[in-house]
Amino acid sequence: FEFLMLFLAVFCGFIAENWREQLRDHQREKEFMHSLVEDLKSDTIQSANILMQLRRKSEGIDSILAALSSPEIVENSNQVYRLWTQNLDIKAFVSNDRTIQQLKNSGELRIIRNKAVSDRIMQYDQTVKNYYRQTDLMYNALSDQHIYSQFFDFISLRKNKDIPVPLTEQGKKLLNEAYAHQQLWNYGLSGLISWLDEVHTEGAGLVTFIQKEYH
């Protein structure tokens, strides 16, 4: 009887400890989901703002291409210079990934019981990584400004903003290359916009999905 009582005491203690551990995991799971939703809301606001800026950049590059194909570009480079200078950089999206990184690095993904939620979190993380890869390509392209630096007569353009300034002799030779460069840049920008739009859509969808699954 004493052995049986001892066994039951140990067994009940084990069950109680396991139950407490599950309660702690469930509480941490809810805390992680709450934190993740806040991160995702921050991401969707930021991505929406940057998408608007990138689309304006794309429209600006369309204007550059139209000006480069105009016959008057050789004798009047002012408009192209202004447009090109305005579109020399891009605004980058940086995900607020504190909760996802904590889940991955600490092994806490195991406490997310809902596999569909866990899968969508990892899918979102991968989409953000795909966007980052495209961003790296764009910044590498931005670092090559040899066409821009040789295309314009910068001194005359700075002094004569309202007087037509011809292209440099080197600029005339680079006209076709400049058009191709801007066209390729626009293709890359379209890819960047596409990836960021996917980040935005998946992020907003994940917020709704988590709120539904966790009430």
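**Exercise 1.** In this predicted model, K57 forms a salt bridge with D89. State how far apart the closest N and O atoms are, where the two residues sit in the chain, and whether K57 is buried or exposed.

*Solution.*
Step 1. The closest N and O atoms of K57 and D89 are 3.1 Å apart. A salt bridge requires a side-chain nitrogen of Lys or Arg within 4 Å of a carboxyl oxygen of Asp or Glu, so the pair qualifies.
Step 2. K57 belongs to helix α1, while D89 lies in the loop between α2 (78-86) and α3. The two are 32 residues apart, and the pair links distant parts of the chain.
Step 3. Buried means under 20% relative accessible area. K57 has 17% relative accessibility and therefore counts as buried. D89, at 46%, counts as partly exposed.

**Exercise 2.** Find the salt-bridge partner of R98 and say which helices the pair links.

*Solution.*
Step 1. The partner is D39, with the closest N and O atoms 2.5 Å apart.
Step 2. R98 is in helix α3 (residues 98-105) and D39 in helix α1 (residues 2-68), 59 residues apart, so this pair links distant parts of the chain.
Step 3. D39 counts as buried because its relative accessibility is 1%.

**Exercise 3.** Describe the salt bridge between K172 and E169, and classify each residue by exposure.

*Solution.*
Step 1. The closest N and O atoms of this pair are 3.1 Å apart.
Step 2. Both residues lie in helix α7 (residues 169-173), three residues apart, which is about one turn of the helix.
Step 3. K172, at 33% relative accessibility, counts as partly exposed. E169, at 56%, counts as exposed.
Step 4. For the whole structure, a search finds eight salt bridges. K104, D125 and K129 are linked in a network of such bridges.

**Exercise 4.** Compare the span of helix α4 with the expected value, and identify the residue that caps its N-terminal end.

*Solution.*
Step 1. Helix α4 (residues 115-142) has 28 residues. At 1.5 Å a residue, 40 Å is expected.
Step 2. From first C-alpha to last, the helix reaches 41 Å, close to that expectation.
Step 3. The cap is N114: one of its side-chain oxygens lies 3.1 Å from the backbone nitrogen of A116.

**Exercise 5.** Describe the surroundings of L206.

*Solution.*
Step 1. L206 is in helix α8 (residues 175-213). At 1% relative accessibility, L206 counts as buried.
Step 2. Leaving out residues up to four places away in sequence, L206 touches L40, R120, I121 and Y124.
Step 3. L40 is 166 residues from L206 along the chain, yet their C-alpha atoms are separated by 7.9 Å.

Methods
Residues are numbered from 1 along each chain as its sequence is written. This is a predicted model: local features need pLDDT of at least 70, side-chain atom pairs count only at pLDDT 80 or more; totals for chains, interfaces and linings use all residues. Side-chain values use heavy atoms; hydrogens and water are left out. Helices (H or I, at least four residues) and strands (E, at least two) are DSSP runs, numbered from the N terminus. Buried means under 20% relative accessible area, exposed over 50%, partly exposed in between (1.4 Å probe, protein chains only). Contact means heavy atoms within 4.5 Å. The expected span of a helix is 1.5 Å times one less than its number of residues. A polar contact is a pair of N or O atoms within 3.5 Å; within protein, one must be able to donate a hydrogen and the other to accept it, and residues adjacent in sequence count only if both atoms are side-chain atoms.
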